[in-house]
Amino acid sequence: MSITIKQIAELANVSRGTVDKVLNGRPGVKEETKQKVLQIAKELNYHPNFLGKALVHSKTPTKIGIVLTPDYNPYIQATLKGIKQAEEEFSPFSLTVTVKMLTTLEPAELVNILANMSEDGYAGIALLPIDDDQVKRKINQLADQGILIITFNSKIEGIRELCFLGQDHVKGGETAAGLMGRLLPEGGDVGIIISSNNLSCHQCRLKGFQKKLSLHYPNLNIVEIQENQDRKEEAFKTTLEYCNRYPNLKGIYITGGGIKGVGNALELTGKTKDMKIVCHDLVPDTIALLQNGTVDFAIGQSASLQGYQLVKLLFDYIIKRQKPESSYIKVPITIATEDNIDSIED
């Protein structure tokens, strides 16, 4: 038989209002009383009546927003799948999810989207933030207004957020460097294509890659680093430039979207089998290039699961009043090869 708030109050010899404050994390209760109530709830395996709460919320639907980078990046398409799954799962609780998509990676556009959201009654917003002072100020303004903020994939400092969801991208870059080092034991020239210098996840991947090479693979030489904004057209152009400028180029590391452009350029130059390629995200374009041998390793970050978790984290806190276990929810690093594609889900 399930325990109720009334029964917990009687056992703790306090009011129902006091128990409600404790279980919902609100202030105004002495620490000794708080711990007593929490211990009783734990021992008796208390679970709130979320369906009842949902019926209350149904009269005033809870709005949450998700802000994503441009959808020409297949990683974002995978993230959207997870968001859609969560939206369908939690829709009976009168939760509405609105996704806003950037068309560029420029800070001004993100600030404008957040400004519009601040006026539209959103209870919580999850976003992939651009590392920029005006973006930080706007995020903190929203937090000051009582809007719950979650960031994901790209961590930035100096903001008031509930939590961050994403990988340790420095370790992701170090992992990529280790893989490249094993692919090229004799050393050689390597070109890098970075998605954006405005996204900390790519800055961190680059930092980790460079650090690992300098410490363990000094015979690998980074010849150039160019930005492609996750666009396959830019990755295609940059790959051709690298192949033309550096006749001894042995490898390419791409930190974000655009891997199809790399593959198309290598096919055009006849260097598909000669060039060693390490990339991120196990999306359809990457899978195809792993299968035909163009890409050697792809580092995954469970994009679809990340999308699902974004909605669930907001739902858990706003509807269920459950805080995340940590302010940093780490996404594991996976490594995909031609041989294990079917066993890894991104």
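Good morning. Glu 161 counts as partly exposed, since its relative accessibility is 21% and the buried class ends under 20%. I begin with this residue as an entry to the charged pairs. Please bear in mind throughout that the model is predicted.

Which residue pairs with Glu 161 in a salt bridge? The partner is Lys 155, and the closest N and O atoms of the two are 3.4 Å apart. Lys 155 is likewise partly exposed, at a relative accessible area of 28%.

The count of salt bridges in the model comes to eight. Another of them joins the side chains of Asp 144 and Arg 160, with an N to O distance of 3.0 Å. Asp 144 belongs to helix 7, residues 133–144, whereas Arg 160 sits in the loop between strand 4 (148–152) and strand 5 (163–166); the pair therefore ties together parts that are 16 residues apart in sequence. As to accessibility, Asp 144 counts as exposed, at 56%, because the exposed class begins over 50%. Arg 160, at 44%, is partly exposed.

A further salt bridge brings together the side chains of Arg 245 and Glu 224, at 2.8 Å from N to O. This pair links distant parts of the chain: Arg 245 lies in helix 10 (residues 232–245) and Glu 224 in strand 7 (residues 220–227), 21 residues apart. Arg 245 has a relative accessibility of 43% and so counts as partly exposed. Which residues make up the network around this pair? Glu 224, Lys 237, Glu 241 and Arg 245 are linked in a network of salt bridges.

The largest nonpolar core holds 52 residues, and the members that touch the most others are Ile 66, Ile 125 and Val 311. Helix 13 (residues 303–318) supplies the largest share of this core, namely eight residues. What does Val 311 touch, once neighbours within four places in sequence are left aside? Its contacts are Ile 64, Ile 66, Ile 83, Ala 86, Phe 90, Leu 95 and Val 97. There is also a second, separate core, made of 21 residues, with Ile 252, Leu 266, Val 295 and Ile 341 among them.

Leu 23 is found in helix 2, which covers residues 16–23. With a relative accessible area of 23%, Leu 23 is partly exposed. Residues up to four places away not being counted, Leu 23 touches Ile 5, Leu 38, Ala 41 and Tyr 46.

How do helix 1 and helix 2 pack? Two packed helices are described by the angle between their axes and the distance between the axes. Here helix 1 (residues 5–12) meets helix 2 at an angle of about 105°, and the axes are 8 Å apart. Helix 1 is therefore roughly perpendicular to helix 2, as angles from 65 to 115 degrees fall in that class. From helix 1, the contact involves Ile 5, Lys 6, Ile 8 and Ala 9; from helix 2, it involves Arg 16, Val 19, Asp 20 and Leu 23. By type, the residues of this contact divide into five nonpolar, three charged and no polar.

Thank you for your attention.

How values were computed. Residues are numbered from 1 along each chain as its sequence is written. This is a predicted model: local features need pLDDT of at least 70, side-chain atom pairs count only at pLDDT 80 or more; totals for chains, interfaces and linings use all residues. Side-chain values use heavy atoms; hydrogens and water are left out. A nonpolar core is a set of buried Ala, Val, Leu, Ile, Met, Phe, Trp, Tyr and Cys residues joined through side-chain atoms within 4.5 Å. Buried means under 20% relative accessible area, exposed over 50%, partly exposed in between (1.4 Å probe, protein chains only). Helices (H or I, at least four residues) and strands (E, at least two) are DSSP runs, numbered from the N terminus. Contact means heavy atoms within 4.5 Å. A salt bridge is a side-chain nitrogen of Lys or Arg within 4 Å of a carboxyl oxygen of Asp or Glu. Axes are lines fitted to C-alpha atoms, for helices over the stretch in contact, and angles run from 0 to 180 degrees between N-to-C directions. Angles under 35 degrees count as roughly parallel, over 145 as roughly antiparallel, 65 to 115 as roughly perpendicular and the rest as oblique. Ala, Val, Leu, Ile, Met, Phe, Trp, Tyr, Cys and Pro count as nonpolar, Asp, Glu, Lys and Arg as charged, and the others, Gly among them, as polar.
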